[in-house]
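Here is a short briefing on how one protein model is packed. Look at the structure first, then work through the points below.

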Amino acid sequence: MSFYTMTGLHRNLQPESTTAQSLFSVPPLPDCPAVSCPSPTLPAPSLSPVSPNPRGGRPVNPLPRHKRSSHINAEHRRRNKIQTGFETLKELVPALAEEKNISTKESKSAKLHKAAEHVRGLKFDLKSQQDELQALRQEIADLNAQIMTFHQQLPATGIAVVEKPACHLETMYRDYLKSRTQENWKFWIFSVILRPLFESYSRVVTSVTTTSFLQTVRDWAHEHLTLVNLRPCVLSALRHISLNSSILTEPEKLPEEAPRRVMEMLCDKSVK
């Protein structure tokens, strides 16, 4: 008989209790160092803001009684700050200031939207003013550069100061015209032709020094006393006499009219 056959017979001869015991028995564990296992901890119960009343009715407030008043006061202060902020916006924003004349009140979100639009408009105006200011500063810089350029072009010794003559040429001319017209009324016609030449002479000729006087006289004669310039000047003077006097319609009245014209001309010059 083999070893495996004898082992099977031996197992069949064991009682049922031994089999059950072998089924529910736990084999011994090998020796190991003792390990301390922590005891399981239960989660802490969550505190809800309001606990239900076991008797029913109004829920129980978890805040202590002595803390409720401070909480209410803090809430009042928060609301007062918000209300003060909206009152300040109403004073600063024109669109909100017009709300006083409107019976219907707007929501706080609409007020904030209007305030944002007002701030956006102010930022746009500020940007426009800054651009204009920058343009003006650039213009000032350009003008200063031009001034410096003109300063550099001036002569190093400076410009000669034109002294005012002791006797004004205009006074001398009027006195001369008055006296000569009284002597001969025809001089009035010559004075009308001479007037443009006299005005150009006063502008061009200077008498600071003898050299400058002679040089400016030569320049004036070269520019204004040529036939090319005298022809249109004389033609314009004759046209003026023809239109503003009776030389063409009633020439016999011209001797009486010429002194009167001279006096009117002298009065106009004195007023100017």
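H7 passes helix H8 in a right-handed crossing. The model is a predicted one: local features need pLDDT of at least 70, side-chain atom pairs count only at pLDDT 80 or more, and totals for chains, interfaces and linings use all residues. Residues are numbered from 1 along each chain as its sequence is written, and side-chain values use heavy atoms, with hydrogens and water left out.

**Helix H7 against helix H8**

- Two packed helices are described by the angle between their axes and the distance between the axes.
- The axes of H7 and H8 (residues 210–224) come within 10 Å and cross at roughly 145 degrees.
- Axes here are lines fitted to C-alpha atoms, for helices over the stretch in contact, and angles run from 0 to 180 degrees between N-to-C directions.
- Helices are DSSP runs (H or I, at least four residues), numbered from the N terminus.
- From H7, Leu-197, Ser-200, Tyr-201 and Val-204 meet Phe-213, Thr-216, Val-217, Trp-220 and His-224 of H8; contact means heavy atoms within 4.5 Å.
- By class, this contact of H7 with H8 has six nonpolar, three polar and no charged residues.
- Nonpolar covers Ala, Val, Leu, Ile, Met, Phe, Trp, Tyr, Cys and Pro; charged covers Asp, Glu, Lys and Arg; the others, Gly among them, are polar.

**The largest nonpolar core**

- The largest nonpolar core has 14 residues, and Leu-177, Trp-188, Val-192 and Val-262 touch the most other members.
- Two or more residues each come from helix H6 (169–183), helix H7 (187–204), helix H9 (227–244) and helix H10 (254–271).
- A nonpolar core is a set of buried Ala, Val, Leu, Ile, Met, Phe, Trp, Tyr and Cys residues joined through side-chain atoms within 4.5 Å.
- Buried means under 20% relative accessible area, exposed over 50%, and partly exposed in between (1.4 Å probe, protein chains only).
- Beyond four places in sequence, Trp-188 touches residues including Thr-181, Ile-241, Leu-254 and Val-262.

- Thr-181 sits in helix H6 and counts as buried because its relative accessibility is 4%.
- Leaving out residues up to four places away in sequence, Thr-181 touches Phe-187, Trp-188, Ala-258, Pro-259 and Val-262.
- Cys-233 belongs to helix H9 and is also buried, at 16% relative accessibility.
- Cys-233 is in contact with Ile-193 and Pro-196, its neighbours within four places in sequence aside.
- Cys-233 and Leu-197 are 36 residues apart in sequence, yet 8.5 Å apart in space, C-alpha to C-alpha.

**Salt bridges**

- How many salt bridges does the structure hold? There are nine.
- A salt bridge is a side-chain nitrogen of Lys or Arg within 4 Å of a carboxyl oxygen of Asp or Glu.
- Arg-195 and Glu-199 pair at 3.2 Å, N to O; four residues apart in helix H7, they are separated by about one helical turn.
- Arg-195 is buried at 12%, whereas Glu-199 is partly exposed at 33%.
- Glu-257 and Arg-261 meet in a salt bridge at 3.1 Å, N to O, and both lie in helix H10.
- Glu-257 is buried at 6%, while Arg-261 is partly exposed at 27%.
- Glu-75, Arg-78 and Arg-79 are linked in a network of salt bridges.

Definitions and conventions: Left-handed = near helix turned anticlockwise from the far one by under 90°.
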